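Notebook open. I want to go through this model piece by piece and jot down what I look up.

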Amino acid sequence: MYKQKSWQILLVGISIGSIISWSLFLYFYGQLQDKQLIKIHELQAEVRSLKSDKEILIEDIKNSNKEKLDSMELQDIKIEILNSEKFHLTTFSEYKLAQQIRNEINSLLAKDIKGIEESMEIIINSIENNHYQIDKNNIKVKVTRFALTTTLKIKIEIIESKQN
């Protein structure tokens with residue numbers, strides 16, 4: 001059968017067609033892969049560029065935050081007395097005690113937070129070493145909590161109350 005001329009032409013046509021189609025397939029596949037490879041390299045370059053930009057922006061934000069922290073100032077002072085009921089202080093007496101403490105450290109308002117933070121121990125000692133006169137009572141206090149943001153929050157416990 002393969003000796004017949006028509007079969008030989010058919011087999012040669014199928015072979016040549018397969019070779020041509022395979023060659024076209026490889027050519028188009030190669031072109032497609034080249035485009036994909038170029039696209040991958042472009043995207044990798046873009047990712048590297050974006051990572052570099054991100055690192056620069058993060059560094060700028062850190063520097064900006066440091067500058068803002070250095071320029072932040074104390075805006076308010078809040079004092080809370082934790083155990084006033086134990087020493088039978090009235091609300092008004094509690095208010096007067098808080099005002100006396102506030103008046104003592106009022107000079108800190110509008111000061112840099114960083115400077116206040118550095119002198120925190122001195123501030124605490126000045127509050128604790130002072131005796132406060134409220135309604136014929138001599139009161140000694142202890143600072144239990146000291147929180148510093150743009151507001152200075154101090155929690156105080158009364159440790160001694162002597163009548164004069």
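Before anything else, a working cut-off: I call two residues in contact when heavy atoms lie within 4.5 Å. I also keep in mind that this is a predicted model.

**Entry 1, Asn137.** I started with Asn137, which sits in strand E3. Is Asn137 buried or exposed? Its relative accessibility is 13%, so Asn137 counts as buried, the limit for that being under 20%. Leaving out residues up to four places away in sequence, I find Asn137 touching Tyr132, Ser161, Lys162 and Gln163.

How many salt bridges does the structure hold? I get 3.

Lys162 itself pairs with Glu160, with 3.0 Å between the closest N and O atoms. Both partners are partly exposed: Lys162 has 49% relative accessibility, and Glu160 has 28%.

Next I looked at Lys96 and Asp135, whose side chains meet in a salt bridge at 3.0 Å, N to O. This pair links distant parts of the chain, with Lys96 in helix H2 and Asp135 in the loop between E2 and E3, 39 residues apart. I note Lys96 as partly exposed at 25% relative accessibility and Asp135 as partly exposed at 43%.

The remaining entry on my list is Glu80 with Lys155, where the closest N and O atoms are 3.9 Å apart.

Lys96 had put me on helix H2, so I checked its geometry. Does the end-to-end distance agree or disagree with what 15 residues should give? At 1.5 Å a residue, residues 91-105 should span 21 Å, and I find the end C-alpha atoms 21 Å apart, which agrees.

Then I asked which residues of H2 are buried. My list reads Ser93, Leu97, Ala98, Ile101 and Ile105. They take up an arc of only 140 degrees around the axis, which puts them on the same side of H2. The spacing makes sense to me: an α-helix has 3.6 residues a turn, so residues three or four places apart point the same way.

What covers that buried side? I found that the cover includes strand E1 (76-81), helix H4 (120-128), strand E2 (131-134), strand E3 (137-148) and strand E4 (151-163). On the face of H2 turned away from the buried side, I see the exposed residues Thr91, Phe92 and Asn103.

Helix H1 runs over residues 5-71, and I picked out a few spots. Leu24 is found there, and with 44% relative accessibility I put Leu24 down as partly exposed. Leu24 is also one of the residues in a nonpolar surface patch of about 600 Å². The patch is made by Val12, Ile16, Ile20, Leu24, Tyr27 and Phe28.

Glu67 is in helix H1 as well, and its relative accessible area of 57% makes Glu67 exposed. How far apart in space are Glu67 and Leu50? I get 25 Å, C-alpha to C-alpha, for 17 residues in sequence.

Conventions. Residues are numbered from 1 along each chain as its sequence is written. This is a predicted model: local features need pLDDT of at least 70, side-chain atom pairs count only at pLDDT 80 or more; totals for chains, interfaces and linings use all residues. Side-chain values use heavy atoms; hydrogens and water are left out. Helices (H or I, at least four residues) and strands (E, at least two) are DSSP runs, numbered from the N terminus. The expected span of a helix is 1.5 Å times one less than its number of residues. Buried means under 20% relative accessible area, exposed over 50%, partly exposed in between (1.4 Å probe, protein chains only). The arc is that of the directions from the helix axis to the C-beta atoms. Patches are made of residues with over 30% relative accessible area and no salt bridge: like charges are joined within 9 Å, nonpolar side chains (Val, Leu, Ile, Met, Phe, Trp, Tyr) within 5 Å. Accessible areas come from the Shrake-Rupley method with a 1.4 Å probe; for residues, only the protein chains shown count as cover. A salt bridge is a side-chain nitrogen of Lys or Arg within 4 Å of a carboxyl oxygen of Asp or Glu.
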